[in-house]
Amino acid sequence: MDKMIRNLEHIFNPKTVAIIGASATPNKIGNILIKNFYDARFHGMVCPVNPKYDEIMGFKCYPDVGSIPGKVDCVIIATPAETVPGIMEECAKKKVGGVIILSGGFEEVKRDDLALKIKDIAIKNDIPLVGPNCLGVFNPYTKIDSIFLPTYKLERPKAGGVAFITQSGAVGSTVMDLAAYYGLGISKFISYGNSTVLDESDYLEYLMHDDDTEIIILYIEGAKDGRKLFETMKKVNCVKPIIALKAGRASGGAAAARSHTGNIAGSYMAYQAAFKQAKVTEANTLDEVFEFVKIFNQPKPNGKRVGIITNGGGIGVLTADAVEAEGLQIAQFSDETKAGLAKILPSYGNVGNPLDLVADAGVEAYGKAIDLMMADTNIDALLIIVLTQTPPIDERIIYVLSNAVDSKKKAIATISIGGTYTEAYRKILEGKGVPSYNSPNSAVKAMERLMTYAKYCGKFKKK
Amino acid sequence: MTVIDDFALLEKHGFRLIPYYFAKSEKDALAGAKKIGYPVALKIVSPGITHKTDVGGVRLKIKDERSLHIAYEEVMQSAGVNQVDGVLVQKMARKGVELIIGGKKDPQFGHMIVLGLGGIYVEIFRDVSARLCPVTSEDVDEMIAELKSHPLLEGARGEKPINKKVLEQLVLRACKFMAQEDIKEMDLNPVIFDEKGCDIIDARFSR
């Protein structure tokens with residue numbers, strides 16, 4: 001299997017892509033696929049396969065895979081399930097690099113016979129097989145894209161460090177659309193469907209070695225092999241943090257259970273246990289996935305002591321409440337920090353944590369306060385509240401915050417609460433990789449997850 | 001498998017149950033109680049009764065022969081139409097925190113171990129924490145910390161903290177037991193802990 005996982009490289013970084021079931025009819029899957037490659041200006045060669053056409057959208061069309069000259073790295077199959085085993089045989093004969101089967105009609109409709117046939121061929125020939133019954137893959141670096149949804153309806157995210165493995169195509173596609181909307185950069189997208197050959201653990205393994213991937217999101221309904229997933233998560237998580245969302249949590253406690261344990265401990269409890277033991281960050285909702293993932297690009301804190309900066313007293317208090325509720329600590333500033341902060345505050349201000357710069361605070365005060373807290377070894381991470389509604393705050397705050405983040409000295413989460421105007425700021429900040437939240441609670445919760453991860457993965461300094 | 005077979009198998013695997021005596025008659029129960037020493041507890045043993053307390057099949061703090069005579073009558077009556085194998089005479093347990101140590105074989109992940117607030121309200125409070133077997137001592141520490149009732153284990157209201165070392169050993173032993181005997185479901189409940197150690201009062205498992 002190791003060799004097959006390595007061979008996934010052919011699928012994610014192909015020079016030649018064959019699309020089987022290519023069509024000239026608009027809105028057919030076989031047409032959307034080609035249009036997407038065309039629109040994305042895919043660098044490699046696109047080879048539609050369909051005996052009915054000579055060319056589609058200017059791409060030369062071939063009657064079968066075998067007729068394509070030279071090596072074929074990635075084959076995307078979108079033809080009915082019955083035709084797929086035969087096509088797989090041709091792919092094996094052509095020695096293709098890898099195959100994505102988008103078509104449904106296999107295990108999910110009890111056609112295990114067909115699934116078994118394609119599995120045999122793939123394993124015998126070391127052909128990595130994504131799917132079937134899936135959206136396949138998307139790699140913004142190489143522009144390989146088998147998501148058969150039009151780009152004007154489902155925007156593709158920009159290139160970045162977050163990989164997304166999803167069992168569900170529907171969840172996968174909406175998350176991609178939202179990632180594009182929020183400006184979250186993606187390294188690899190994998191919708192793996194029935195996982196007939198390669199399963200969630202295999203993709204985790206691949207991504208652990210993928211240079212472009214820094215953080216992994218895993219959406220899972222039911223594991224193909226729970227123990228294998230557990231062991232793989234343990235191996236991968238401290239190299240690259242995994243944020244997992246498990247759907248389908250109905251307890252399923254056996255009605256016939258004769259013990260209390262049998263009644264209480266459903267299958268979701270086993271997943272929870274696996275996540276906890278592998279130190280994987282579990283998200284409870286799709287919203288949490290986005291809230292958590294955007295803070296994992298930050299430096300790993302050495303402890304749980306936070307410094308809070310605000311230009312609005314009340315939001316600072318709410319944030320301090322959230323800090324306590326999540327089990328984080330309000331940092332005690334060093335004497336140097338206190339002295340420095342006293343100089344930037346107006347005469348009626350008080351040096352405290354939360355540090356209230358008051359509504360008169362301009363961008364310069366933020367810059368100085370951030371510098372002082374970055375230098376204070378009593379502070380492990382910063383929560384920076386910026387209420388953009390106050391008159392002195394202008395667009396220069398974006399540079400102050402993104403410079404602070406780019407310095408990579410300490411983990412930062414920013415909080416800006418408000419409507420259309422504030423949301424515009426938040427979107428710009430997120431696009432620059434500054435974790436930005438519209439509530440203290442979501443920011444603090446995300447920070448807690450990052451700190452817990454840092455603690456378990458050996459980043460906390462020994463006390 | 002009767003409760004006595006279950007207890008015997010647990011003992012074979014090194015679990016130390018609270019001293020017990022299985023009696024088939026009142027006379028036998030009296031002899032057992034004498035051997036164990038008063039005060040004792042008396043419990044109905046019937047294949048049809050899973051939750052003995054719910055039917056009134058448990059009498060505690062029996063201090064002498066006369067009380068045992070009355071308790072025996074009451075416990076036998078609690079069985080109703082159920083077949084009765086006998087009664088269990090047990091030494092009265094120490095006072096302490098009632099915990100459950102449970103286990104289950106999950107179809108995907110294999111054996112998992114569950115620690116929680118035990119006793120008769122397990123399924124009401126559902127204050128439990130689970131891990132996949134095998135577990136480490138750090139895992140057990142985390143499981144304890146995750147319980148809402150963990151202040152009880154740390155010694156609330158002037159009580160001393162429970163013996164965590166003994167708890168840890170019991171959890172590790174339970175994981176090993178499930179693996180060796182391929183257990184499908186298991187309850188050790190209640191297990192009563194104090195600062196010195198613990199008493200395993202009741203156990204049930206299926207293979």
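Which exposed residues does the face of helix 8 of chain B turned away from its buried side carry?

## Helix 8 of chain B: two faces

In this predicted model, the exposed residues on the face of helix 8 of chain B turned away from its buried side are Lys165(B) and Gln180(B). The buried residues of helix 8 of chain B are Leu167(B), Leu170(B), Val171(B), Ala174(B), Cys175(B), Phe177(B) and Met178(B). They lie on the same side of the helix, because the arc they cover around the axis is only 160°. An α-helix has 3.6 residues a turn, so residues three or four places apart point the same way.

The cover over these buried residues includes strand 5 (97-106), strand 6 (110-117), helix 6 (137-146), strand 8 (185-193) and strand 9 (198-200), which belong to chain B.

## Helix 8 of chain B: length and end

Helix 8 of chain B runs over residues 164-181, and at 1.5 Å a residue its 18 residues should span 26 Å, which agrees with the 25 Å between its end C-alpha atoms. Just after the helix, Asp182(B) adopts a positive phi of about 45°.

## A helix pair in chain A

In chain A, helix 14 (residues 363-375) packs with helix 15 (residues 396-406) at an angle of about 10°, and their axes are 9 Å apart. Since angles under 35 degrees count as roughly parallel, helix 14 of chain A is therefore roughly parallel to helix 15 of chain A.

From helix 14 of chain A, Val363(A), Tyr366(A), Gly367(A) and Ile370(A) meet Arg396(A), Ile397(A), Val400(A) and Ala404(A) of helix 15 of chain A. The residues of this contact comprise 6 nonpolar, 1 polar and 1 charged.

Definitions and conventions
Residues are numbered from 1 along each chain as its sequence is written. Chains are lettered from A and ligands numbered from 1 in the order in which they are written. This is a predicted model: local features need pLDDT of at least 70, side-chain atom pairs count only at pLDDT 80 or more; totals for chains, interfaces and linings use all residues. Helices (H or I, at least four residues) and strands (E, at least two) are DSSP runs, numbered from the N terminus. The expected span of a helix is 1.5 Å times one less than its number of residues. A residue is buried if 20 or more other C-beta atoms lie within 10 Å of its own, exposed if 12 or fewer, and partly exposed in between; C-beta atoms are placed from the backbone. The arc is that of the directions from the helix axis to the C-beta atoms. Two residues are in contact if their C-beta atoms, placed from the backbone, lie within 7 Å. Axes are lines fitted to C-alpha atoms, for helices over the stretch in contact, and angles run from 0 to 180 degrees between N-to-C directions. Angles under 35 degrees count as roughly parallel, over 145 as roughly antiparallel, 65 to 115 as roughly perpendicular and the rest as oblique. Ala, Val, Leu, Ile, Met, Phe, Trp, Tyr, Cys and Pro count as nonpolar, Asp, Glu, Lys and Arg as charged, and the others, Gly among them, as polar.
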